[in-house]
Amino acid sequence: MKEDPAALKPVILGIDDLRPLPRATRIARTSREGIQLLQEHRDSFIDELWLDHDLGGDDTIMAVVTLMEEAAFSGRPFRIGTVFVHSANPIGAEAVVRALTRWNYPVRRATA
């Protein structure tokens, strides 16, 4: 029996308005798209999730962070190997790291 090659490929999601994120298997460019992307992967393991704080104009990643916090609060956190926060906004990035760490998501500050 052959293994499904897609099953072996890591799921790497990115939410960033500008960066190409070449390792990502899917990219969302707005918080709305990011929420949809996470909801599509609700019942699967996400190997890596890359988050940028500022998503253009008044849009930020905080709506996505709220979704993740609410999922953890309800006892059903998203299953994520590592969340990488790669924002050039140090204050916004720290807010994301603090919020997700509080809910036991594995978070690291990174450079995209």
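## A buried aspartate

Asp-16 is buried, its relative accessible area being 0%. In this predicted model, the residue lies in the loop that joins strand 1 to strand 2 (26-28). A polar contact of 2.6 Å links the side chain of Asp-16 to that of His-86. Apart from residues up to four places away in sequence, Asp-16 touches Leu-21, Ile-27, Ala-28, Arg-29, Asp-52, Leu-55 and His-86.

In soluble globular proteins, nonpolar side chains tend to be buried together. Here the largest nonpolar core comprises 28 residues, and Leu-38, Leu-49, Met-68, Val-83, Leu-100 and Tyr-105 have the most contacts inside it. At least two residues of this core come from each of strand 1 (12-15), helix 2 (31-40), strand 3 (46-51), helix 3 (62-73), strand 4 (80-85) and helix 4 (90-102). Helix 3 provides the largest share, with six residues.

Which residues are in contact with Tyr-105, leaving aside neighbours within four places in sequence? They are Met-68, Ala-71, Ala-72, Pro-77, Phe-78, Ile-80, Val-83 and Leu-100. A second core, separate and made up of five residues, includes Ile-12, Leu-21, Trp-50 and Phe-84.

## Packing of helix 3 and helix 4

The axes of helix 3 and helix 4 are 10 Å apart and meet at an angle of about 10 degrees. Because angles under 35 degrees count as roughly parallel, the two helices are roughly parallel to each other.

Helix 3 contributes Met-62, Val-65, Met-68 and Glu-69 to the contact, and helix 4 contributes Val-96, Ala-99, Leu-100 and Arg-102. By class, six of these residues are nonpolar, none is polar and two are charged.

Definitions and conventions: Residues are numbered from 1 along each chain as its sequence is written. This is a predicted model: local features need pLDDT of at least 70, side-chain atom pairs count only at pLDDT 80 or more; totals for chains, interfaces and linings use all residues. Side-chain values use heavy atoms; hydrogens and water are left out. A nonpolar core is a set of buried Ala, Val, Leu, Ile, Met, Phe, Trp, Tyr and Cys residues joined through side-chain atoms within 4.5 Å. Buried means under 20% relative accessible area, exposed over 50%, partly exposed in between (1.4 Å probe, protein chains only). Helices (H or I, at least four residues) and strands (E, at least two) are DSSP runs, numbered from the N terminus. Contact means heavy atoms within 4.5 Å. A polar contact is a pair of N or O atoms within 3.5 Å; within protein, one must be able to donate a hydrogen and the other to accept it, and residues adjacent in sequence count only if both atoms are side-chain atoms. Axes are lines fitted to C-alpha atoms, for helices over the stretch in contact, and angles run from 0 to 180 degrees between N-to-C directions. Angles under 35 degrees count as roughly parallel, over 145 as roughly antiparallel, 65 to 115 as roughly perpendicular and the rest as oblique. Ala, Val, Leu, Ile, Met, Phe, Trp, Tyr, Cys and Pro count as nonpolar, Asp, Glu, Lys and Arg as charged, and the others, Gly among them, as polar.
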